[in-house]
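Please look through the sequence and the model below.

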Amino acid sequence: MEKFTTLTGVAAPLPIINIDTDMIIPKQYLKTIKRTGLGTALFSEMRYNEDGTENPDFVLNKPAYRNAKIIIAGDNFGCGSSREHAPWALLDFGIRCVISTSFADIFYNNCFKNGILPIVVTPEQLKLLLDDAERGSNATLTVDLEAQTIRGPDGGEIHFDIDPARRHILLEGLDDIAGTLKSDPSISAFEGKMAAERPWL
(Lines give C-alpha, C1' and ligand atoms only; values in the text may rest on other atoms or scores of the structure.)
Protein backbone atom coordinates (compact mmCIF):
# COMPACT_ATOMS: atom_id res chain seq x y z
CA MET A 1 0.00 0.00 0.00
CA GLU A 2 1.32 3.46 -0.88
CA LYS A 3 2.46 5.50 2.12
CA PHE A 4 0.50 8.60 3.07
CA THR A 5 2.67 11.36 4.49
CA THR A 6 1.87 14.70 2.86
CA LEU A 7 -0.74 15.23 0.15
CA THR A 8 -1.10 18.43 -1.85
CA GLY A 9 -3.93 18.58 -4.36
CA VAL A 10 -7.13 20.15 -5.55
CA ALA A 11 -10.08 19.67 -3.21
CA ALA A 12 -13.50 19.07 -4.75
CA PRO A 13 -16.54 20.38 -2.84
CA LEU A 14 -19.32 17.82 -2.44
CA PRO A 15 -21.58 19.35 0.23
CA ILE A 16 -24.20 16.59 0.19
CA ILE A 17 -25.18 14.83 3.40
CA ASN A 18 -25.60 11.04 3.67
CA ILE A 19 -23.61 10.11 0.57
CA ASP A 20 -23.92 6.34 0.78
CA THR A 21 -21.75 3.64 -0.71
CA ASP A 22 -24.28 2.99 -3.48
CA MET A 23 -23.89 6.61 -4.58
CA ILE A 24 -20.11 6.24 -4.45
CA ILE A 25 -20.12 3.02 -6.49
CA PRO A 26 -23.50 1.63 -7.67
CA LYS A 27 -24.31 -2.05 -7.19
CA GLN A 28 -23.90 -3.03 -10.86
CA TYR A 29 -20.14 -2.50 -10.52
CA LEU A 30 -19.72 -4.90 -7.60
CA LYS A 31 -19.14 -8.00 -9.72
CA THR A 32 -15.39 -7.46 -9.88
CA ILE A 33 -12.95 -8.32 -7.10
CA LYS A 34 -10.21 -6.20 -8.69
CA ARG A 35 -9.28 -2.94 -6.98
CA THR A 36 -8.52 -1.19 -10.25
CA GLY A 37 -10.77 0.07 -13.03
CA LEU A 38 -13.54 1.36 -10.77
CA GLY A 39 -12.54 5.02 -10.98
CA THR A 40 -14.60 5.57 -14.13
CA ALA A 41 -17.71 4.38 -12.24
CA LEU A 42 -17.15 6.61 -9.20
CA PHE A 43 -20.37 8.54 -8.46
CA SER A 44 -21.62 7.31 -11.83
CA GLU A 45 -25.32 8.06 -11.24
CA MET A 46 -24.49 11.70 -10.53
CA ARG A 47 -21.57 11.92 -12.92
CA TYR A 48 -23.23 10.61 -16.08
CA ASN A 49 -26.52 11.22 -17.88
CA GLU A 50 -28.80 8.32 -18.86
CA ASP A 51 -27.24 8.23 -22.34
CA GLY A 52 -23.76 7.82 -20.83
CA THR A 53 -22.57 11.34 -21.50
CA GLU A 54 -21.02 13.37 -18.73
CA ASN A 55 -23.19 15.57 -16.57
CA PRO A 56 -21.40 18.93 -16.86
CA ASP A 57 -22.89 20.13 -13.57
CA PHE A 58 -21.29 17.40 -11.45
CA VAL A 59 -18.22 18.67 -9.66
CA LEU A 60 -15.73 16.01 -10.81
CA ASN A 61 -16.66 16.67 -14.45
CA LYS A 62 -15.73 20.34 -14.20
CA PRO A 63 -12.26 21.06 -15.62
CA ALA A 64 -10.94 22.50 -12.36
CA TYR A 65 -11.75 19.32 -10.42
CA ARG A 66 -11.04 16.49 -12.86
CA ASN A 67 -7.75 15.74 -11.11
CA ALA A 68 -8.97 16.31 -7.55
CA LYS A 69 -7.18 14.32 -4.86
CA ILE A 70 -9.33 15.45 -1.95
CA ILE A 71 -13.10 15.54 -1.41
CA ILE A 72 -14.77 17.90 1.05
CA ALA A 73 -18.09 16.21 1.80
CA GLY A 74 -21.24 16.63 3.84
CA ASP A 75 -22.10 14.81 7.05
CA ASN A 76 -22.28 10.99 7.33
CA PHE A 77 -20.15 10.17 4.29
CA GLY A 78 -19.97 6.49 3.31
CA CYS A 79 -23.16 5.34 5.01
CA GLY A 80 -25.21 2.42 3.68
CA SER A 81 -23.91 -1.05 2.81
CA SER A 82 -20.41 -2.13 3.77
CA ARG A 83 -18.97 -2.48 0.26
CA GLU A 84 -15.19 -2.11 0.13
CA HIS A 85 -15.56 -1.22 -3.55
CA ALA A 86 -16.36 2.34 -2.40
CA PRO A 87 -12.83 3.19 -1.24
CA TRP A 88 -11.46 1.18 -4.17
CA ALA A 89 -13.34 3.45 -6.59
CA LEU A 90 -12.22 6.63 -4.80
CA LEU A 91 -8.60 5.52 -4.83
CA ASP A 92 -8.70 4.41 -8.47
CA PHE A 93 -10.03 7.85 -9.44
CA GLY A 94 -7.15 9.45 -7.52
CA ILE A 95 -8.83 10.48 -4.26
CA ARG A 96 -6.47 9.96 -1.30
CA CYS A 97 -8.32 12.00 1.33
CA VAL A 98 -11.97 12.63 2.25
CA ILE A 99 -12.87 15.32 4.77
CA SER A 100 -16.26 15.42 6.49
CA THR A 101 -17.89 16.06 9.85
CA SER A 102 -18.64 12.33 10.22
CA PHE A 103 -18.26 8.98 8.47
CA ALA A 104 -20.01 5.64 8.61
CA ASP A 105 -17.87 3.31 10.74
CA ILE A 106 -17.33 0.52 8.20
CA PHE A 107 -16.46 2.93 5.39
CA TYR A 108 -14.12 4.81 7.75
CA ASN A 109 -12.27 1.60 8.64
CA ASN A 110 -12.11 0.48 4.99
CA CYS A 111 -10.43 3.76 4.03
CA PHE A 112 -7.43 3.02 6.25
CA LYS A 113 -7.17 -0.49 4.81
CA ASN A 114 -6.87 1.00 1.33
CA GLY A 115 -4.56 3.98 1.85
CA ILE A 116 -7.20 6.71 2.03
CA LEU A 117 -7.16 9.23 4.87
CA PRO A 118 -10.64 10.11 6.21
CA ILE A 119 -10.50 13.27 8.33
CA VAL A 120 -13.21 14.35 10.76
CA VAL A 121 -13.58 18.10 11.26
CA THR A 122 -16.09 20.36 12.99
CA PRO A 123 -19.00 21.94 11.06
CA GLU A 124 -17.24 25.33 11.30
CA GLN A 125 -14.02 23.88 9.90
CA LEU A 126 -15.94 22.12 7.13
CA LYS A 127 -17.51 25.42 6.08
CA LEU A 128 -14.07 27.01 5.81
CA LEU A 129 -12.76 24.10 3.76
CA LEU A 130 -15.78 24.15 1.45
CA ASP A 131 -15.16 27.86 0.89
CA ASP A 132 -11.56 27.01 -0.06
CA ALA A 133 -12.72 24.19 -2.33
CA GLU A 134 -15.07 26.51 -4.24
CA ARG A 135 -12.01 28.26 -5.71
CA GLY A 136 -11.76 25.71 -8.51
CA SER A 137 -8.22 25.00 -9.70
CA ASN A 138 -6.96 27.32 -6.95
CA ALA A 139 -8.60 25.09 -4.33
CA THR A 140 -5.32 23.45 -3.38
CA LEU A 141 -5.03 22.01 0.11
CA THR A 142 -2.05 20.38 1.78
CA VAL A 143 -2.81 17.54 4.18
CA ASP A 144 0.13 16.70 6.44
CA LEU A 145 -0.53 13.46 8.28
CA GLU A 146 2.62 13.65 10.39
CA ALA A 147 1.74 17.13 11.66
CA GLN A 148 -2.01 16.35 11.55
CA THR A 149 -2.80 19.61 9.76
CA ILE A 150 -4.74 20.81 6.73
CA ARG A 151 -3.29 23.94 5.16
CA GLY A 152 -5.50 26.05 2.89
CA PRO A 153 -4.54 28.09 -0.18
CA ASP A 154 -4.16 31.22 1.96
CA GLY A 155 -1.88 29.49 4.46
CA GLY A 156 -4.45 29.00 7.21
CA GLU A 157 -4.18 25.71 9.11
CA ILE A 158 -6.66 23.34 10.69
CA HIS A 159 -5.50 20.67 13.13
CA PHE A 160 -7.22 17.27 13.08
CA ASP A 161 -7.19 14.31 15.46
CA ILE A 162 -6.58 10.73 14.42
CA ASP A 163 -6.05 7.44 16.23
CA PRO A 164 -2.26 6.91 16.57
CA ALA A 165 -2.43 3.30 15.37
CA ARG A 166 -4.36 4.25 12.23
CA ARG A 167 -2.00 7.17 11.63
CA HIS A 168 0.95 4.76 11.81
CA ILE A 169 -0.69 2.37 9.34
CA LEU A 170 -0.99 5.10 6.70
CA LEU A 171 2.41 6.66 7.34
CA GLU A 172 4.05 3.25 6.91
CA GLY A 173 1.79 2.12 4.06
CA LEU A 174 0.76 -1.04 5.88
CA ASP A 175 -2.23 -3.11 4.84
CA ASP A 176 -3.53 -5.87 7.14
CA ILE A 177 -1.06 -8.47 5.84
CA ALA A 178 1.97 -6.16 5.98
CA GLY A 179 0.99 -5.10 9.48
CA THR A 180 0.88 -8.74 10.59
CA LEU A 181 4.22 -9.52 8.91
CA LYS A 182 5.90 -6.79 10.95
CA SER A 183 5.27 -9.03 13.95
CA ASP A 184 6.74 -12.08 12.20
CA PRO A 185 9.85 -12.33 14.48
CA SER A 186 7.65 -12.37 17.59
CA ILE A 187 5.25 -14.86 16.04
CA SER A 188 8.10 -17.15 14.96
CA ALA A 189 9.72 -16.95 18.41
CA PHE A 190 6.42 -17.85 20.08
CA GLU A 191 5.82 -20.77 17.73
CA GLY A 192 9.36 -22.05 18.30
CA LYS A 193 8.91 -21.87 22.06
CA MET A 194 5.57 -23.67 21.88
CA ALA A 195 7.03 -26.39 19.66
CA ALA A 196 9.84 -26.99 22.17
CA GLU A 197 7.60 -26.96 25.24
CA ARG A 198 4.67 -28.84 23.76
CA PRO A 199 5.92 -31.00 20.88
CA TRP A 200 2.68 -32.99 20.87
CA LEU A 201 0.71 -30.00 19.61
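In the largest nonpolar core, which has 56 residues, those that touch the most other members are F43, I72, F77, L90, L117, V143 and I150. A nonpolar core here is a set of buried Ala, Val, Leu, Ile, Met, Phe, Trp, Tyr and Cys residues joined through side-chain atoms within 4.5 Å. Buried means under 20% relative accessible area, exposed means over 50%, and partly exposed lies in between, with a 1.4 Å probe and protein chains only. In soluble globular proteins, nonpolar side chains tend to be buried together.

This is a predicted model, in which local features need pLDDT of at least 70 and side-chain atom pairs count only at pLDDT 80 or more, while totals for chains, interfaces and linings use all residues. Residues are numbered from 1 along each chain as its sequence is written, and side-chain values use heavy atoms, with hydrogens and water left out.

Helices (H or I, at least four residues) and strands (E, at least two) are DSSP runs, numbered from the N terminus. From β2, I70 and I72 point one way, I71 and A73 point the other way, and all are buried. In a regular strand the side chains alternate between the two faces of the sheet. Two strands pair if DSSP finds at least two bridges between them. Strand β1 (residues 6–14) runs parallel to β2 and is joined to it by four bridges; L14 stands opposite A73 in β2. Strands β2 and β3 also run parallel, joined by three bridges, and I71 stands opposite V98 in β3. Between these two strands the chain passes through α3, and this β-α-β crossover from β2 to β3 is right-handed; that is, with the strands pointing away from the viewer, the path from the first strand over the helix to the second runs clockwise.

Helix α3 (residues 85–93) is mostly covered, with seven of its nine residues buried: H85, A86, P87, W88, A89, L90 and F93. Their cover includes α1 (21–24), α2 (44–47), β2 (70–73), β3 (97–100) and α4 (105–113). Within α3 lies H85, which is buried with a relative accessible area of 12%. Beyond its neighbours within four places in sequence, H85 is in contact with I25, Y29, L30, T32 and L38. Just after α3, G94 takes a positive phi of about 120°.

Helix α4 has F107, Y108, N110, C111 and F112 as its buried residues. What covers them includes α1, α3, β4 (117–120) and α6 (164–172). After α4 comes G115, whose phi is positive, near 85°.

The protein as a whole has eight helices and seven strands. Of its 201 residues, 43% count as buried, and its C-alpha atoms fill a box of roughly 70 × 40 × 25 Å, taken along the principal axes. Among contacts between residues at least 6 apart in sequence, 66% join residues at least 24 apart.

In an unreviewed entry, UniProt lists residues 1–122 as "domain: Aconitase A/isopropylmalate dehydratase small subunit swivel". UniProt positions are given in the numbering used here, feature names are shortened, and annotations may be inferred rather than shown by experiment. The end C-alpha atoms of residues 1–122 lie 29 Å apart, and the span is 21% helix and 17% strand.

Notes:
Contact means heavy atoms within 4.5 Å.
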